[in-house]
Amino acid sequence: MRYPKEVRGIFLERPNRFIARVALQGREERVHVKNTGRCRELLVPGAQVSLVPAENPARKTAYDLTAVWKGDMLVNIDAQAPNRLVEEYLPRSGLFSQPIRIRPEYTHGDSRFDFLVEEGERRHLMEVKGVTLEQDGHARFPDAPTLRGVKHIRGLADAREEGFESWLVFVVQMEGMRSVAPNDETHPAFAQALRRAAAEGVHVLALGCHVEPLEVEITHEVPVLL
């Protein structure tokens, strides 16, 4: 996945979850944050950020904030990136023995899941979660309580009982992570639901990325610690 262009700025403040104030080329710019999550450990005053020009020139904000440096590590925080990356990755992933058809935004029961993957007669229901929280070289999810995430996990477990293969896929939007694990401290209900679903046969997969300001690509699997 590539961005067409980027510029660098310095993060100043996030007055709300959609907007950030950034110092850019000697002026202050209001930019759109492409992630409504907290990202509190990343978006700190003085952090260097990567901005991508907006596709619509008439938009009120001229740039999207897509990545931030945490020390020497670049973290992509574009919430739309994980789905695009997984859709690119699945045909070459080696997870399937037959050609696949990918159907995004598939509704099953009372939830909408990111993908239905059809492999011959087999149907794989997938939900994708982007991971941006790092603690001592390990990735954690979520960085804030997510009732929607718990609902998705329960839906995946129910779908498996109905004959689907069910997958929860973590996309780690930074490099060098040694593992991915549920964040018990932040949301114990999510962690409990994930462990229960995995014990019931839901596949839990974590994918690591190569991250640059202009390009992000899934490159390898990361161990999941439950």
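Is D136 buried or exposed? At 69% relative accessibility, D136 is exposed, where buried means under 20% relative accessible area, exposed over 50%, and partly exposed in between, with a 1.4 Å probe and protein chains only. The structure is a predicted model, in which local features need pLDDT of at least 70 and side-chain atom pairs count only at pLDDT 80 or more, while totals for chains, interfaces and linings use all residues. Residues are numbered from 1 along each chain as its sequence is written, and side-chain values use heavy atoms, with hydrogens and water left out.

D136 also has a positive phi of about 55°, although it is not a glycine. Most residues other than glycine have a negative phi, and most peptide bonds are trans. D136 sits in the loop between β10 (133–135) and β11; here helices (H or I, at least four residues) and strands (E, at least two) are DSSP runs, numbered from the N terminus. C39, again not a glycine, has a positive phi of about 50°. C39 is found in the loop between β3 (27–33) and β4 (48–53), but it is buried, with a relative accessible area of 1%. A further backbone feature is the cis peptide bond between F141 and P142, with omega about 0°. P142 belongs to the loop that runs between β11 (138–141) and α2.

The strands can be taken next. Strands of a sheet pair through backbone hydrogen bonds, either parallel or antiparallel. Two strands are counted as paired if DSSP finds at least two bridges between them. On this basis there is an open sheet of six strands with mixed pairing, in the order β7-β8-β9-β12-β14-β15. At its edges stand β7 (101–108) and β15 (216–221), each with a single partner strand, so one side of each has no neighbour in the sheet. Neighbouring strands of this sheet are turned by 35° against each other on average, direction ignored; axes are lines fitted to C-alpha atoms, for helices over the stretch in contact, and angles run from 0 to 180 degrees between N-to-C directions.

Helix α1 (residues 81–89) lies across β7, β8, β9 (122–131), β12 (165–172), β14 (203–211) and β15, and it runs at about 60° to β15. Helix α2 (residues 147–161) lies across β7, β8, β9 and β12, running at about 160° to β9.

Strand β5 (residues 63–70) has several pairing partners. With β3 it pairs in the parallel sense over two bridges, and V33 stands opposite L65 in β5. With β4 the pairing is antiparallel, over five bridges, and here P53 faces Y63 of β5. With β6 (residues 73–76) β5 pairs in the antiparallel sense over four bridges, K70 standing opposite M73. β5 and β6 form a hairpin with two residues between them, and G71 in its turn has a positive phi of about 65°. Why is β5 described as largely enclosed by the rest of the structure? Seven of its eight residues are buried, so the rest of the structure largely encloses it.

The interior comes next. In soluble globular proteins, nonpolar side chains tend to be buried together. A nonpolar core is taken as a set of buried Ala, Val, Leu, Ile, Met, Phe, Trp, Tyr and Cys residues joined through side-chain atoms within 4.5 Å. The largest such core has 45 residues, and those with the most contacts inside it are L43, L51, L65 and F170. Helix α2 gives the most to this core, with five residues. Leaving aside residues up to four places away in sequence, F170 touches residues including K129, F141, V180, F190 and L207. Another core, of 25 residues, lies apart from the largest one, with Y3, V169, L207 and I218 among its members.

The last topic is the cysteines. A disulfide is a covalent bond between the sulfur atoms of two cysteines. Counted as a pair of cysteine sulfur atoms within 2.5 Å, the number of disulfides is zero. The closest cysteine sulfur to that of C39 is in C209, 15 Å away, which is too far for a bond. C209 is likewise in no disulfide, and it is buried, with a relative accessible area of 1%.

How values were computed: Contact means heavy atoms within 4.5 Å.
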